[in-house]
Amino acid sequence: MIRYTQPENISSDIAKMCDESDKLTSTGKYIDSVAILEKAYSEAPDSRKVILKLASAYRNSGNAGKSIKILENALEKNPDDIEYHHQLANSYFERKWNKKAVAKFNECLESDAVYPEIIQDLSDYFLENKEHKILTERLENLMSDFRQKNLDTQLLAMCTAMIFVCADDSRVNGEDTRITDDYLNVIAEKYPDATEEQKAEI
């Protein structure tokens, strides 16, 4: 069962390497960030913090293949870690392995451990591919499911936010979808606790 994993304790040296990699990443120096994280990984190969950062750095530097490899290896040892599943889905998308990516995202979304960033990343993929109708239906189904499970309101808020983003994007790109102002009003009325920020935009 996919679940949350508690934060880990890492050595001060590994922590410093991670901090340095963050600084390099923030300035777009992805190759340098990878080099530092690969050193950290050689010293702490089981550190989930290092694994997640290195996988992301690989992806940012255009090497999704290495990102996939390190995450798949990590999942063999820790098959329930939702962040590994999430980042692997992102890496599959980066590699254009779309069916595998969607399947992996679905695993995450069906888990009680799902968090808002997973919804945003999946939505970004559908928006990038101009699949507004598919995204809207997916978000509606998720909202209904989250409400039934009584999960965190932040999940509903992310879904509604992405529906509004989808509406704006479809208009900008001249896509003919059913996301009208009336439809957005219905969403706002149906999920008032999750649409406070979006209501003013209708």
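Helices α1 and α3 pack with their axes 11 Å apart and at an angle of about 25 degrees (axes being lines fitted to C-alpha atoms, for helices over the stretch in contact, with angles running from 0 to 180 degrees between N-to-C directions). The two are therefore roughly parallel to each other, a label given to angles under 35 degrees. On the α1 side, the contact is made by I14, C18, S21, D22 and T25, and on the α3 side by K49, V50, K53 and N60; contact here means heavy atoms within 4.5 Å. The crossing of α1 past α3 is left-handed, meaning that the near helix is turned anticlockwise from the far one by less than a right angle.

All of this comes from a predicted model, in which local features need pLDDT of at least 70 and side-chain atom pairs count only at pLDDT 80 or more, while totals for chains, interfaces and linings use all residues. Residues are numbered from 1 along each chain as its sequence is written, and side-chain values use heavy atoms, leaving out hydrogens and water.

Taken by itself, α1 covers residues 12-26 and reaches 21 Å from its first C-alpha to its last, close to the 21 Å expected at 1.5 Å a residue. Its buried residues (under 20% relative accessible area, with a 1.4 Å probe and protein chains only) are I14, M17, C18, S21 and L24. Seen down the helix axis, these fall within an arc of 120 degrees, so they line one face of α1. An α-helix has 3.6 residues a turn, so residues three or four places apart point the same way. That buried set packs against α2 (30-43) as well as α3 (48-60). K16, K23 and S26, on the other side of α1, are exposed, that is, over 50%. Just past the helix, G28 takes a positive phi of about 80 degrees.

Further along, α8 (residues 132-149) tells its own story. Buried in α8 are H132, L135, T136, L139, L142, M143 and F146, and because they fall within an arc of 130 degrees down the axis, they line one face of the helix. Their cover includes α6 (98-109), α7, α9 (153-172) and α10 (181-190). Turned away from that buried side are the exposed residues K133, N141 and Q148. After α8 comes N150, with a positive phi near 60 degrees.

Conventions. Helix = DSSP H or I, 4+ residues; strand = E, 2+ residues; numbered from the N terminus. Expected span 1.5 Å × (residues − 1). Arc of directions from axis to C-beta. Parallel < 35°, antiparallel > 145°, perpendicular 65-115°, else oblique.
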